[in-house]
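Visitor: I'm new to this one. Can you put it on screen and walk me through it?

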Amino acid sequence: MLASAAAAAAVPPASTSYSPVKPSGSRGWRTSRSRRAARVEAGYSQLEVRKVTYRPPGTEHNLLNEINLSLREKSFGLIFGRSGSGKTTLLQLLAGLSEPTSGSICIQKYDDSGNLNGKSEMLTSQRVGIVFQFPERYFLADTVLEEVTFGWPRQKADLLFKEQLALNIQNAFNSVGLKTISLDEDPQSLSGGFKRRLALAIQLVQTPDLLLLDEPLAGLDWKARADVVNLLKDLKKHHTILVVSHDLRELYPQVDRSWRMQMGGSLKEETLPV
Ligand SMILES: Nc1ncnc2c1ncn2[C@@H]1O[C@H](COP(=O)(O)OP(=O)(O)OP(=O)(O)O)[C@@H](O)[C@H]1O
Ligand SMILES: [Mg+2]
């Protein structure tokens, strides 16, 4: 796998965007300080959404109203609520696809006693991976390898950079249990569960700090659903995960914190009604 990925990295497909690869293997959220320091610091970090309001440009109504949410690194958060309440809109803000009208989205470090440790850092889109609802509908390439490397730099990147990307592919494929499939396979020929694995792997190649998943079980048969739930259980060991879902019962065992999005776009922390 690594050899073929590295070979492909030397001649990647046409690119439409450039995303800098991030160092892999670090622990938890990476702040600028922790990137500079080789040693592992004590304490923990968490995602903090502070009084976020969102009104789409040119409209008169807020879709989200003063949203507050915090999620500690390597934990699993779940947002549920009625259709049209604003769940996907919130994920889009967290992924940097649109900007809050007011409020902030940041990473805050704490020491072991729970005291603030330094200033908060803004959450940038490079640190977030998002898997949309029905991600397989957006697969474009003819092979798994092209799908994963879509958007990689075509000429300018040096060999070291491409080797790092190839290593990231191997790590991502291992972590989603895709190491047995051929990189030449047509993504559309994969089973439903494996397509979701591939969609997750595409995000994990960029080693995001935060993984956002919109309805990860939607449209899957019972076997694939169980498969994806098990995968999320594994991913939680190393990643911070925030999921939007209506499938509360199946995800319940993984959930550390949960919130209900109420109609009109206000978020309330609430245990799952299961
Ligand atoms: N750009 C926009 N301008 C105006 N209204 C929008 C815009 N984008 C979404 N909406 C509206 O915002 C509301 C929230 O939509 P959103 O997709 O976030 O809901 P949701 O909770 O994810 O619903 P579902 O469970 O059906 O996926 C909906 O009423 C939607 O029509
Ligand atoms: Mg939605």
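This is a predicted model: local features need pLDDT of at least 70, side-chain atom pairs count only at pLDDT 80 or more; totals for chains, interfaces and linings use all residues.

Visitor: How do the residues of the shell around ligand 1 divide into nonpolar, polar and charged?

Guide: Three are nonpolar, eight are polar and one is charged. Here Ala, Val, Leu, Ile, Met, Phe, Trp, Tyr, Cys and Pro count as nonpolar, Asp, Glu, Lys and Arg as charged, and the others, Gly among them, as polar. Residues are numbered from 1 along each chain as its sequence is written, and chains are lettered from A and ligands numbered from 1 in the order in which they are written.

Visitor: Which residues surround ligand 1?

Guide: P56, T59, L63, G81, S83, G84, S85, G86, K87, T88, T89 and M261. A residue is near a molecule if its C-beta atom, placed from the backbone, lies within 6 Å of it.

Visitor: Which helix gives the largest share of that shell?

Guide: Helix 3, residues 87-94, with three residues. Helices (H or I, at least four residues) and strands (E, at least two) are DSSP runs, numbered from the N terminus.

Visitor: Which residues of helix 3 are buried?

Guide: K87, L90, L91, L93 and L94. They cover an arc of only 160 degrees around the axis, which puts them on the same side of helix 3. That arc is taken from the directions from the helix axis to the C-beta atoms. Buried means 20 or more other C-beta atoms within 10 Å of the residue's own, exposed means 12 or fewer, and partly exposed is in between; C-beta atoms are placed from the backbone.

Visitor: What comes just after helix 3?

Guide: G96, with a positive phi of about 80 degrees.

Visitor: Zoom out. How many helices and strands are in the protein chain?

Guide: Eight helices and ten strands. The chain has 274 residues, and 34% of them count as buried.

Visitor: OK, helix 7. How far does it reach?

Guide: Helix 7 covers residues 222-235, which is 14 residues. It reaches 20 Å from its first C-alpha to its last, close to the 20 Å expected at 1.5 Å a residue. The expected span is 1.5 Å times one less than the number of residues.

Visitor: Which of its residues are buried?

Guide: In helix 7, R225, D227, V228, L232 and L235 are buried. Seen down the axis, these buried residues fall within an arc of 160 degrees, so they line one face of helix 7. The face turned away from that side carries the exposed residues W222, K223 and D234.

Visitor: What do the buried ones pack against?

Guide: Helix 5 (159-175), helix 6 (192-204), strand 7 (210-214), strand 8 (240-244) and helix 8 (248-251). Contact means that the C-beta atoms of two residues, placed from the backbone, lie within 7 Å.

Visitor: Strand 7, then. How does it run against strand 6?

Guide: Strands 6 and 7 run parallel, joined by four bridges. Two strands pair if DSSP finds at least two bridges between them.

Visitor: Which way do the residues of strand 6 point?

Guide: In strand 6 (residues 128-131), V128 and I130 point one way, and G129 and V131 the other way. All are buried. In a regular strand the side chains alternate between the two faces of the sheet.

Visitor: What's the strand order in the open sheet of four strands?

Guide: The order is 2-1-4-5, with antiparallel pairing. Strand 2 (64-72) and strand 5 (121-122) are the edge strands, each pairing on one side only.

Visitor: How many bridges join strand 1 to strand 4?

Guide: Eight, between residues 44-54 and residues 102-110. One pairing puts V49 with I105 of strand 4.

Visitor: K51 is found in strand 1 too. Is it buried or exposed?

Guide: K51 is exposed, with 12 other C-beta atoms within 10 Å. Its phi is positive, about 50 degrees, although K51 is not a glycine.

Visitor: Last one: F80. Where is it, and what is it in contact with?

Guide: F80 is in strand 3 (residues 76-81). It counts as buried, with 21 C-beta neighbours inside 10 Å. Leaving aside neighbours within four places in sequence, F80 is in contact with S245, H246, L248, S258 and R260. F80 and L272 are 192 residues apart in sequence and 8.5 Å apart in space, C-alpha to C-alpha.
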